[in-house]
Amino acid sequence: MAVAMETRDSVDLGALMDEAGSFRFQLRLLLLLGCFMFVEGYDMQVLAYAAPAMIKTMHVSKAAFGVVFGGAMAGVMIGALLLGTLGDTYGRKLLVIGGLSLFGIFNFMTIAAPDMTMLMVLRTIAGIGLGGAVPNAIALMVDYAPTRRRAVAVCLLYIGYNIGAALGGVIAARMIPAWGWQSVFVLGGIMPLGLAAVLALVLPESVRFLSLRGRQAAARALLARMRPDLALGPDTRILVTEEARQGVPVRHLFTEGRALMSALLRLGAIGTIMTEHFMTSWLPMVLTAGGIGLAKAVTASAVMLTVGTFGSIAIGFAIERFGIVALAVLVVLGVPSVVALGHVGGDEGLLMVLAGAAGFFLIGGLTGMNILASTIYPTYMRSTGAGWANAMSRIGAIVGPVLGGVLLSFDLSLQAIFATAAIPAAIGALAIFVLSRLRVANEQRAVRAVQGTSRLQAQG
């Protein structure tokens, strides 16, 4: 005879996410959001792979096309600012699906662009969808991840991004010669729209978000799906042991001692992404302009993105083990890797090694920036924190590709181009190092305050 389980009075979400029984649900969510990041990586990079063919077909200069890259990054920034923050008000799921749908539709429309102006407009709007969806996808993963594995969970998501970006080069190399540059944007429309339909059916909302918003019935129903073994009744309360604040979440980014921390995080992200996006947007064209064959240049770019996957994995574990200073070390090691690319000459082996090293350090560093942005803020402002960090970093993403076009127009040497491109990453590494020292000082201050309170209580 079956014995009925006693209904729980309450469930502590933090403890529940750390239990082994939640692993299967967390893994399924990781795979779903990993597919999203794969599509996002493909769509972010496909423009760079199609650019040489588009420039030739549309009869425009390299510098003029840099504005299209900049417009796409501007769209991501706008989306992160306007849509990324809405996840803390309306839920993560809605913004993920809406963003997927938006950039899928405008990927399709890209193939009909009659001139550079319309092309820039279409890529900007597609970027808005990307910018709004990504911070909410990351926040959703963090909301469900085990407390001590949040950094690793975010870096695993970026494996999907890096694979999508790297495979974009392989796909473009096959599709563009056969069907023209339009074909890669058709695929870039089919994938996100198809995935959006799937996620609308199976992607869960954040149970932490539902609980903090007072939607206890919805949170209980979701937990019942996640953990059928739990004995949840109509009066079981879902507890989130962290604060919730009223008002505009953006305001809280700069209160309670967060202002300097937020500023340093954004400076670090801007510098890193400026160098990283210069490399991912212009590396094939810079190398070919320096006399390196197109096949080698495209292969070097694919190697950079592929090896960057391992950097994204490494940084998650490094941050959990050594703290924020590990991120500063990773980014600063990318500086000599980029500078050295200007001195490879015709040595193909050295070119691949340095391209891989640059990818490991810079793409890993960029993943680390996203890890920090999504883990150092509490749930009630997590999408906002990740969204604004992502948006501000896009200043670098806009300037980096445009800077590449300008540098190419000056006919500078490869040495000068890569040396100039490495400077922002060096500044970003310095900002993150200062942030790491600030965090350590704040933690030590908090420990001393607790110890002082304990001594006073003991004396009393």
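Guide: Gln45 is buried in this predicted model, since its relative accessible area is 4% and the cut-off for buried is under 20%. This glutamine belongs to helix α2. Leaving out residues up to four places away in sequence, Gln45 touches Tyr161, Ala165, Thr280 and Leu305.

As for handedness, α2 passes α12 in a right-handed crossing. On the α2 side, the contact is made by Met44, Gln45, Ala48, Pro52 and Ile55, while α12 brings His277, Thr280, Ser281 and Met285. Sorted by class, this contact of α2 with α12 holds five nonpolar and four polar residues, and no charged ones.

Now let us step back to the core. The largest nonpolar core has 136 residues, and Phe65, Met279 and Phe418 touch the most other members. Helix α2, which spans residues 23-58, supplies the largest share of this core, 19 residues.

If you follow the chain past the end of α2, have a look at His59, in the loop between α2 and α3 (62-82). Its phi is positive, about 55°, although His59 is not a glycine. Most residues other than glycine have a negative phi. His59 counts as exposed, with a relative accessibility of 72%, whereas Gln45 is buried at 4%.

Helix α7 (residues 150-179) packs against helix α8 (residues 182-202) at an angle of about 125°, and their axes are 7 Å apart. That angle makes α7 oblique to α8. In this pair, Ile171, Ala172, Met175, Ile176 and Trp179 of α7 meet Gln182, Ser183, Val184 and Leu187 of α8. The class count for the contact of α7 with α8 is seven nonpolar, two polar and no charged residues.

Key: Residues numbered from 1 in each chain as written. Predicted model: local features only at pLDDT ≥ 70, side-chain atom pairs only at ≥ 80, totals over all residues. Heavy atoms only, no water. Core = buried A, V, L, I, M, F, W, Y, C linked by side-chain atoms within 4.5 Å. Buried < 20%, exposed > 50% of the residue type's maximum accessible area, 1.4 Å probe, protein only. Helix = DSSP H or I, 4+ residues; strand = E, 2+ residues; numbered from the N terminus. Left-handed = near helix turned anticlockwise from the far one by under 90°. Contact = heavy atoms within 4.5 Å. Nonpolar A, V, L, I, M, F, W, Y, C, P; charged D, E, K, R; others polar. Axes fitted to C-alpha atoms, helices over the stretch in contact; angles between N-to-C directions. Parallel < 35°, antiparallel > 145°, perpendicular 65-115°, else oblique.
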